[in-house]
Amino acid sequence: MTKMPIKSALLALSLMTGLFSGTASAHFPLMICWFESDKVACEAGYSDASTAIDYAVNMYDYDDNLIAKAVTDKRSIVEFNKPDTDFYLVFDAGHENPVEVDVVEISEK
């Protein structure tokens, strides 16, 4: 049996830890929405507290028709005119699970 020097073993362990640390730091998209008078505002971001600047947020009616589309600003916030119909909002950051917020989940801020 060959013994590995301590320095080589520590280097190998460090490299292996570095290879697998990316999976431990995974983050997922989040979005919170609220009503402001005749507007619907949403803030999009990620679970690691990073922002989502210049991302599309879509508004759909319950028949899945696109009502409106907007892009988050430099504060990760997007605003829509409040429609006269029920709706839901979708923030798809390109990950496996887009965030959906239904109108019944939204309240005044």
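These are my notebook entries on a predicted model of one protein chain.

**Entry 1. Overall make-up**

I began with the secondary structure and found one helix and eight strands in the chain. I then read the elements from the N terminus, and their order is α-β-β-β-β-β-β-β-β. Next I looked up burial across the chain: 31% of its 109 residues count as buried. Of the contacts with a separation of 6 or more, 51% join residues 24 or more positions apart.

**Entry 2. The open sheet**

I looked up the strand pairing and noted an open sheet of four strands, ordered S4-S3-S6-S7, with antiparallel pairing. Strand S4 (66-71) and strand S7 (99-102) are the edge strands, as each of them pairs on one side only. From one strand to the next, the twist averages 20°.

I then turned to the pairing of S3 with S6. Strand S3 covers residues 56-61 and strand S6 covers residues 87-91, and five bridges join them in the antiparallel sense. Within this region I noted that methionine 59 stands opposite leucine 89 of S6.

**Entry 3. Asparagine 58**

I selected asparagine 58, which belongs to strand S3. Is asparagine 58 buried or exposed? The relative accessibility of asparagine 58 is 15%; the cut-off for burial is under 20%, so this residue counts as buried. I then searched for polar partners and found that its side chain makes a polar contact with the side chain of tyrosine 60, at 3.3 Å. Leaving out residues up to four places away in sequence, I listed the residues that asparagine 58 touches: Leu66, Ala68, Lys69, Tyr88, Leu89 and Val90. Leu89 in this list is the residue that methionine 59 stands opposite.

**Entry 4. The disulfide**

A disulfide is a covalent bond between the sulfur atoms of two cysteines. Here the partners are cysteine 33 and cysteine 42, with their sulfur atoms 2.1 Å apart. Which hand does the disulfide have? The torsion about the S-S bond of cysteine 33 and cysteine 42 is about 105°, and the disulfide is therefore right-handed. I checked accessibility as well, and both cysteine 33 and cysteine 42 are buried.

**Entry 5. Serine 76**

I next located serine 76 in the loop between S4 and strand S5 (77-81). Serine 76 has a relative accessible area of 1%; burial requires under 20%, so I recorded serine 76 as buried. Which backbone atom lies 2.8 Å from a polar atom of the side chain of serine 76? I found that this atom is the backbone nitrogen of alanine 52. Apart from neighbours within four places in sequence, serine 76 is in contact with Cys42, Glu43, Ala44, Thr51, Ala52 and Ile53. Its contact Cys42 is also a partner in the disulfide.

**Entry 6. The salt bridge**

Finally, I looked for charge pairs. Side chains of opposite charge can pair when their charged atoms come close. My count came to one salt bridge. Arginine 75 forms this salt bridge with aspartate 73, and the closest N and O atoms are 3.0 Å apart. Is aspartate 73 buried, exposed or partly exposed? The relative accessible area of aspartate 73 is 26%; partly exposed lies between the limits of under 20% for buried and over 50% for exposed, so aspartate 73 is partly exposed.

How values were computed: Residues are numbered from 1 along each chain as its sequence is written. This is a predicted model: local features need pLDDT of at least 70, side-chain atom pairs count only at pLDDT 80 or more; totals for chains, interfaces and linings use all residues. Side-chain values use heavy atoms; hydrogens and water are left out. Two strands pair if DSSP finds at least two bridges between them. Helices (H or I, at least four residues) and strands (E, at least two) are DSSP runs, numbered from the N terminus. Axes are lines fitted to C-alpha atoms, for helices over the stretch in contact, and angles run from 0 to 180 degrees between N-to-C directions. Buried means under 20% relative accessible area, exposed over 50%, partly exposed in between (1.4 Å probe, protein chains only). A polar contact is a pair of N or O atoms within 3.5 Å; within protein, one must be able to donate a hydrogen and the other to accept it, and residues adjacent in sequence count only if both atoms are side-chain atoms. Contact means heavy atoms within 4.5 Å. A disulfide is a pair of cysteine sulfur atoms within 2.5 Å. A salt bridge is a side-chain nitrogen of Lys or Arg within 4 Å of a carboxyl oxygen of Asp or Glu.
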